[in-house]
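This report describes a model that was predicted.

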There are 2 protein chains.
Amino acid sequence: MKELMNRFWAGEHRALARVISTVENELPEKDEILKEIYTKTGGAYILGVTGSPGAGKSSLVDSLVKEIRKSKELVGIVAVDPTSPFTGGAILGDRIRMNTHALDQGVFIRSMGTRGSLGGLAKTTKEVVKVMDAFGMDWIIIETVGVGQAELDIMYIADSTIVVLTPGAGDSIQTMKAGIMEIADIFAINKCDLPGADSIEMEVQLMLNFRDDHIKWRPPVVKTSTYNAGQGIGELLDAVKKHRSYLSEKGIFLKKRQERASNEVLDIINYQWDRLVRQHLGKPGPVSEMLAKVSAREVDPYTASSMIVKQIIEGADFQKNCP
Amino acid sequence: MKELMNRFWAGEHRALARVISTVENELPEKDEILKEIYTKTGGAYILGVTGSPGAGKSSLVDSLVKEIRKSKELVGIVAVDPTSPFTGGAILGDRIRMNTHALDQGVFIRSMGTRGSLGGLAKTTKEVVKVMDAFGMDWIIIETVGVGQAELDIMYIADSTIVVLTPGAGDSIQTMKAGIMEIADIFAINKCDLPGADSIEMEVQLMLNFRDDHIKWRPPVVKTSTYNAGQGIGELLDAVKKHRSYLSEKGIFLKKRQERASNEVLDIINYQWDRLVRQHLGKPGPVSEMLAKVSAREVDPYTASSMIVKQIIEGADFQKNCP
């Protein structure tokens, strides 16, 4: 463990990969690692990229990474694909994409499948992002298919979010999940060389006209293409940087990060409490007896809860200072 | 309060209505009432009736109630319509339906709208059911539109659930939410005098053939009509009674009720804990200072959580016995 972390702090990609696997697979060292790295996090800017399957997100992210790398900044990519039934597929995708940046030591890509539940995915993604952040990445890009609530949850981690749309079949604004449209800080109309790019841009602008929650920040709409030499990629990165400046200047960036820190502590508090309660429920004793009485309608659940909370707290591993 | 509860226990419908309103509107006396009635609950059999809007659920429930009343058993009806934007509409519906059973003191109907959030509706419904149960109802019928997760949550309260389908437009099995089909213990093909009743029955039977979770209980499919003298209503009630016997004989009924009691206690425990935590977070003090340190990345959230839990427990209103 100590040796692994030494190599991690020295900037070794293989150590980074192993630390991520440890976190992702919930190995026993996970808690210790997250504890050790926390104070080194907060340096990375987190960019979310979401959109329907087939919108060309991966290619767009690759192009964006090349653009970022012109300034030598370090980039981590977390590709989340909860719709893929095969974790193997995600790993294969990794290898293929790795080749694009194979010679570039400033880029690290990690794909995540749906090992656990969808609900757990947002939590794990958050943890993996934290590992990359502590490692020293300047940018972390989270790429995910924008289909369900789980993906929306993942996107709440991002400082800025790009929603990728494409012209043509089935990708009209009307067919997009409302939630996805609302989390966009920037819209990218990708594959903009295809017919229909102008009309989808108009649809988005029209929709933005009807939104009143963007008095301060109206999401720019950028047309992009990753075909041949690419198009609009520099403009897209500029839009992200502009949003980043906006968040900093208005104090939103700091406020969001503070909220996130508080929520994280709350989550851990509730998790610790839940574990404490379950320890008592699982074994025979006064708590189980109380539950049986409720079930037999001898005691009401309110009285029972108060007594159980009291018992858990008194039995907890927290010493009260006695006079 | 005491006088109201005396009238409630004496079986006065107007007192029942006022107790339900107290619970539904979250008045201060609510907790005390729920506490007082709990040990008197558990006598009622809870029947859920769900299906698409326009499936004729209300008429079917009314017919079913008339059938039940032949044996003089007392019936409470909770009509939940989260899709209705007007609570007034629900109240009007109440009045109209009340007329059907106006002279029958053995029937009590209560409609519930979406005052609060959808999430809260399941909780409130559960509480209203408990009030009717303690009042002495033999049957409680929960009637709800089967459209979303909230309705599914409501249906978990029921001992038996009837899913109502109708022949024709848009009500094909394919268009039904999968979750709704899975909670059915009994299917009613209502408006069975309309063309297409046989084909929808075949669809349901076919679907049931492919289900392997009903090795023990295969949901019967009953054709019903509330038109003129009605049709299949007695058969539908028999199917419910058969399911009830099945649950009792296999011990499932008792097991489900025990699980429900445990879950209820857990919910209250977590609610009490959450309230305790929020009391500390809201005000300046060591807990807020700790949160600020996490936000500034001076302390990791794991260390912070442990210290906060410790502080909350020590500061809690639970006295530890000191030597």
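## The contact between the chains

How many residues does the contact take from chain B, and how many from chain A? In this predicted model, chain A gives 39 residues to the contact, and chain B likewise gives 39 residues.

On the side of chain B that touches chain A, at least two residues come from each of helix H3 (30-37), helix H11 (252-282), helix H12 (286-295) and helix H13 (301-315) of chain B. The most is given by H11(B), which supplies eleven residues to that side. Sorted by class, the side of chain B that touches chain A holds 20 nonpolar residues, together with nine polar and ten charged ones.

## The sheet of chain A

Chain A has an open sheet of seven strands, which pair in parallel and follow the order S3-S2-S4-S1-S5-S6-S7. At its edges lie strand S3 (107-112) and strand S7 (221-223) of chain A, each of which pairs on one side only. From one strand to the next, the twist averages 20 degrees.

Within this sheet, strand S1 (residues 45-51) of chain A runs parallel to strand S4 (residues 139-145) of chain A, and seven bridges join the two. As one example from this pairing, Ile46(A) has Ile140(A) in S4(A) as its bridge partner.

## A helix packed on the sheet

Helix H10 (residues 233-249) of chain A packs on the sheet, where it touches S1, strand S5 (160-165), strand S6 (186-189) and S7 of chain A. The direction of H10(A) makes about 175 degrees with that of S6(A).

Note on methods:
Residues are numbered from 1 along each chain as its sequence is written. Chains are lettered from A and ligands numbered from 1 in the order in which they are written. This is a predicted model: local features need pLDDT of at least 70, side-chain atom pairs count only at pLDDT 80 or more; totals for chains, interfaces and linings use all residues. Two strands pair if DSSP finds at least two bridges between them. Helices (H or I, at least four residues) and strands (E, at least two) are DSSP runs, numbered from the N terminus. Axes are lines fitted to C-alpha atoms, for helices over the stretch in contact, and angles run from 0 to 180 degrees between N-to-C directions. Two residues are in contact if their C-beta atoms, placed from the backbone, lie within 7 Å. Ala, Val, Leu, Ile, Met, Phe, Trp, Tyr, Cys and Pro count as nonpolar, Asp, Glu, Lys and Arg as charged, and the others, Gly among them, as polar.
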